[in-house]
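Biologist: Could you take me through one part of this model slowly, as if I were new to it? I'd like a close look at the charged side chains that pair up.

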Amino acid sequence: MRFLAAATTLGLAVLLGPASAHEFKAGSLTIDHPSSRPTPPNAKVGVGYLSIRNDGTEPDRLVGGSATVAGRFEVHASTVEDGVARMRRVEDGVVLEPGATVTLASGGTHVMLLDLKEPIVKGQSFDGTLVFERAGAVPVRFSVEGFGAGAAAPSHGGHQP
Ligand SMILES: [Cu+2]
């Protein structure tokens with residue numbers, strides 16, 4: 001019994017281990033560290049960050065996805081025009097060239113989680129799916145982290161699609 005308890009604890013420790021270590025594989029794609037940021041109680045918009053490495057010989061394309069906490073999932077690009085930060089929806093997906101790693105992060109191309117059904121809470125995680133042109137639908141899990149030093153994510157608070 002004591003052994004069982006120890007084994008269970010160990011199993012949990014492995015499952016819950018450092019969030020920074022989680023990655024997901026689909027064919028030649030490796031999806032590293034899908035993460036999100038906490039939102040205020042009544043927020044309707046959240047973010048998703050991750051990186052995708054393509055070790056294959058053919059290009060692929062991130063064309064969409066979903067998340068349990070959100071009604072809609074979009075890929076957005078942030079740009080600065082005349083000193084003003086703007087966002088637009090990326091309609092044609094994110095191209096993943098062979099041998100390249102694409103990072104979706106604050107201030108650049110990122111995932112926008114819209115019509116939030118519940119707040120996104122630091123320390124928790126939620127399920128999602130990424131949809132690729134070639135690799136198809138890939139289940140992932142987003143871990144919710146705090147705002148790092150210098151993170152620009154709070155600018156999403158006023159973002160309306
Ligand atoms: Cu956005």
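Modeller: Arg 86 and Glu 81 come together in a salt bridge, 3.3 Å from N to O. That term stands for a side-chain nitrogen of Lys or Arg within 4 Å of a carboxyl oxygen of Asp or Glu. Arg 86 is partly exposed at 45% relative accessibility, and Glu 81 is partly exposed too, at 41%. Here buried is under 20% relative accessible area, exposed is over 50%, and partly exposed is in between, using a 1.4 Å probe and protein chains only.

Before going on, remember that this is a predicted model, where local features need pLDDT of at least 70 and side-chain atom pairs count only at pLDDT 80 or more, while totals for chains, interfaces and linings use all residues. Residues are numbered from 1 along each chain as its sequence is written, and side-chain values use heavy atoms, leaving out hydrogens and water.

Now look at Arg 89 and Glu 74, whose side chains meet in another salt bridge at 3.5 Å, N to O. This one ties together distant parts of the chain, 15 residues apart: Arg 89 sits in strand S6 (residues 84–89) and Glu 74 in strand S5 (residues 70–81). Strands are DSSP runs of E, at least two residues, numbered from the N terminus. Arg 89 is partly exposed at 42%, whereas Glu 74 is buried at 6%. Through shared partners, salt bridges join Arg 72, Glu 74, Arg 89 and Asp 115 into one network.

Glu 23 also pairs with Lys 25, with 3.8 Å between the closest N and O atoms. Lys 25 is exposed at 57%, and Glu 23 is partly exposed at 40%. The structure has 10 salt bridges.

Technical notes: Helix = DSSP H or I, 4+ residues; strand = E, 2+ residues; numbered from the N terminus.
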